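Subject: Handover of a structure and notes on its contents

Dear colleague,

Please find the structure below, together with its sequence. My notes follow it, and I would ask you to read them with the structure open beside you.

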Amino acid sequence: MLVPAPGCGEGESPYSIVDGLHRGDPNAASALFDRAGERVNRLVWRMLGADPEHDDLVHQVFVDALANVHKLRDPESLDRWIVSITLNIVRKELRTRRLRRLLRLDVEDADAPSPELDPERHMLARRFYSLLEQLSADEQIAFTLRLLEGCALAEVAAACECSLATAKRRLSRALASFTRLAQVDPVLSCWIASRRHEG
Amino acid sequence: MKVDLKAWERLGNAVAEELGTGPDPARRARQRQLVREHAFAPVPTPWRPPRWALAMGMAATVALVCGWLAMRSSPIAFSVDSGAAPARPGGWLLAPARQPLAVDFEEGTRYELEAGTSGQLAEASTRRVRFVLSNGAVSAQIRSKGRSQWSVEAGAYRVVATGTEFTVRWSAQKAFLQVAVTSGKVIVEGEDFESGLPLSAGHELTVDQRTRQVSLHTIPAPDAPAPAPGPDLPEVAANPDQDLEPAPARAAAAKTADARRHPKLAQTKRMDSDWRRLCAAGAYAEALEEAERDGLEELLGSASSEDLQLLADAARFANEGATARRVLQAIRRRFPGTPQARTSTFLLGRLHAEQLHDPTAAADWFSRYLQEDPAGPLAEEALGRRIDACRQADRLAEAREAAERYLARYPGGIFEVLAKDAAND
């Protein structure tokens with residue numbers, strides 16, 4: 001589940017956190033991290049594939065949240081609001097990287113930080129992300145939420161702040177594009193072929 | 001290939017499992033601390049200039065951009081051998097076997113190619129002058145007024161300079177680089193110097209990719225007294241391939257000379273071979289090219305089993321089935337009876353099934369794996385894939401027999417559906 005049901009979140013209640021943030025209490029900032037840090041880390045980690053700039057992006061989420069907490073009207077929606085900020089940051093980052101790649105300003109990073117527990121799965125993950133970055137930012141987010149986070153379509157729509165129809169459209173396009181790209185990718189096509197007998 | 005959502009969900013699960021859920025607790029603790037420290041730091045209010053200043057700024061920017069565009073790719077004039085040879089940007093230059101060749105640019109800059117040197121003046125504009133050194137040595141005297149960026153590229157390295165005098169020597173055969181600066185400063189860029197290594201006058205850098213040695217020496221100034229005999233810097237030779245040898249005597253001289261290790265070089269850990277690095281980056285086709293350039297036969301005969309496995313993976317993922325087969329067979333030949341050899345047997349089966357489209361050979365390799373390692377970690381998969389390969393090769397009786405064995409040994413296994421199908425053929 002992307003966002004816990006109301007009343008089920010970890011640590012302090014959203015009301016006391018938001019109230020503390022309004023008062024400028026640093027303990028409230030820590031409490032916000034304790035409540036949302038794991039979720040933010042997981043989302044950024046999986047959206048960008050254990051990226052070298054992971055920590056900076058996570059920090060940016062909390063900086064934005066603290067700077068804009070005055071705009072949060074309903075403390076009950078704190079968790080959903082943080083997810084929304086996280087996805088906005090990720091979306092912006094994906095768009096910037098896409099532009100840098102188009103302008104050939106980007107430098108390819110040689111090493112991925114994830115450990116090589118299983119070389120073949122490590123290669124699989126690398127190929128997955130290298131194909132993913134060929135989709136648009138919105139499609140990437142929808143695709144990753146659906147496939148890596150296991151979100152239902154309604155959750156994807158809520159997280160992306162779009163209608164169900166739009167979420168469905170983005171996901172369909174993402175699936176079609178990814179399938180087309182995977183067909184000519186040796187690692188992914190081998191992986192799929194080797195598992196075509198699974199029910 | 002038609003793929004349904006379930007298949008991608010399985011892929012997503014595999015990737016998610018590989019990635020995990022985030023960085024380790026120490027990193028998260030650090031994130032938390034930073035959030036707390038910067039929680040309510042004042043954000044400076046951005047200053048906004050008045051409108052008239054904005055308009056003037058825009059006009060100035062437009063003028064600058066137009067000027068920049070006009071200057072950007074204006075060609076720079078140069079002559080080769082004082083006009084005796086044609087001067088074409090992008091053209092190849094070859095110095096005669098027994099005499100140097102000079103390239104003179106406007107503003108007084110000169111590149112002098114040593115006898116026998118070859119290279120390409122890849123770009124010659126007011127923005128940049130790039131010389132790509134194939135083999136030999138080029139000495140540069142830069143008299144630029146700062147308009148152009150002057151660079152010499154040699155192998156995986158680039159030497160960038162303004163207003164300086166330096167010599168770059170490169171032997172492609174020996175994979176040996178030497179950069180000596182007599183005046184001014186250069187920056188050496190390349191895979192070993194990620195953010196660029198500055199070299200100032202009086203210093204010489206050598207990089208030997210074969211022995212993985214990188215070192216920095218001081219060189220005497222041109223008007224300094226003649227150095228005392230002994231372990232000083234070796235003389236620069238006329239024929240780069242013959243004499244630019246990192247011989248033991250030279251290496252010893254380098255060690256006992258006034259050699260100072262730059263902090264960036266002080267690590268001197270073994271440089272990873274290019275092909276391994278390319279593998280790690282997922283650039284399999286390039287890794288294979290690099291390994292072939294290094295000498296594939298030699299690698300097959302001398303590399304460790306781990307390296308050969310890495311090479312085999314690269315070849316498989318780059319869809320170079322024939323090369324992958326050679327590497328896997330080398331593992332079996334050189335490391336018989338080891339787990340790596342047995343895994344290679346299995347992978348030869350997959351290779352023949354998936355890339356070489358030879359189900360008969362695939363079935364035989366899976367069969368061989370089952371003989372070599374009947375209770376091995378890949379036994380179930382080998383038997384399941386053998387069923388598939390036998391069917392593809394129209395060896396239906398064998399497929400049925402394998403299917404019955406599979407169903408008896410692995411009830412509910414991943415190939416159960418296939419096995420039941422084959423058993424009923």
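Counted over all chains, the number of disulfides is zero. The nearest cysteine sulfur to A:Cys151 belongs to A:Cys160 and is 8.8 Å away, and A:Cys151 is in no disulfide. Please bear in mind throughout that this is a predicted model.

A:Cys162 may be considered next. Its closest cysteine sulfur is in A:Cys160, at 5.1 Å, which is too far for a bond, because a disulfide requires two cysteine sulfur atoms within 2.5 Å.

Are A:Cys151 and A:Cys162 buried or exposed? A:Cys151 has a relative accessible area of 2% and is therefore buried. A:Cys162 has a relative accessible area of 19%, and it also counts as buried, because the cut-off for buried is under 20%.

**A neighbour of A:Cys151**

A:Arg146 lies in helix H6 of chain A, which covers residues 137-147. This arginine is buried, its relative accessible area being 18%. Which residues does A:Arg146 touch, if those up to four places away in sequence are not counted? In chain A they are A:Cys151, A:Val156 and A:Leu171, and in chain B they are B:Leu5 and B:Glu9.

**Chain B as a whole**

Chain B has 425 residues, of which 41% count as buried. Its secondary structure consists of 14 helices and 12 strands. Taking the contacts in chain B between residues at least 6 apart in sequence, 48% join residues at least 24 apart.

**Strand S6 of chain B and its partners**

Strand S6 of chain B spans residues 128-141, and strand S4 (residues 110-113) of chain B pairs with it in the antiparallel sense over four bridges. In this pairing, B:Leu113 has B:Val138 of S6(B) as its bridge partner.

Strand S5 (residues 118-124) of chain B also pairs with S6(B) in the antiparallel sense, over six bridges. Here B:Gln120 stands opposite B:Val132. A hairpin of three residues joins S5(B) to S6(B).

In which sense do S6(B) and strand S7 (residues 149-154) of chain B pair? They pair in the parallel sense, over six bridges. Two positions show this pairing: B:Arg130 is opposite B:Ser151, and B:Phe131 is opposite B:Val152.

**Two helices of chain B**

A pair of packed helices is described by the angle between the axes and by the distance between them. For helix H8 (residues 305-317) and helix H10 (residues 339-354) of chain B, the axes come within 12 Å and cross at roughly 10°. H8(B) and H10(B) are therefore roughly parallel to each other, because angles under 35 degrees are classed in this way.

Which residues meet between the two helices? From H8(B) they are B:Ser305, B:Glu306, B:Gln309 and B:Arg316, and from H10(B) they are B:Gln340, B:Leu347, B:Arg350 and B:Leu351. Sorted by class, this contact has two nonpolar, three polar and three charged residues.

With kind regards

Note on methods: Residues numbered from 1 in each chain as written. Chains lettered and ligands numbered in written order. Predicted model: local features only at pLDDT ≥ 70, side-chain atom pairs only at ≥ 80, totals over all residues. Heavy atoms only, no water. Buried < 20%, exposed > 50% of the residue type's maximum accessible area, 1.4 Å probe, protein only. Contact = heavy atoms within 4.5 Å. Pairing = 2+ DSSP bridges. Axes fitted to C-alpha atoms, helices over the stretch in contact; angles between N-to-C directions. Parallel < 35°, antiparallel > 145°, perpendicular 65-115°, else oblique. Nonpolar A, V, L, I, M, F, W, Y, C, P; charged D, E, K, R; others polar.
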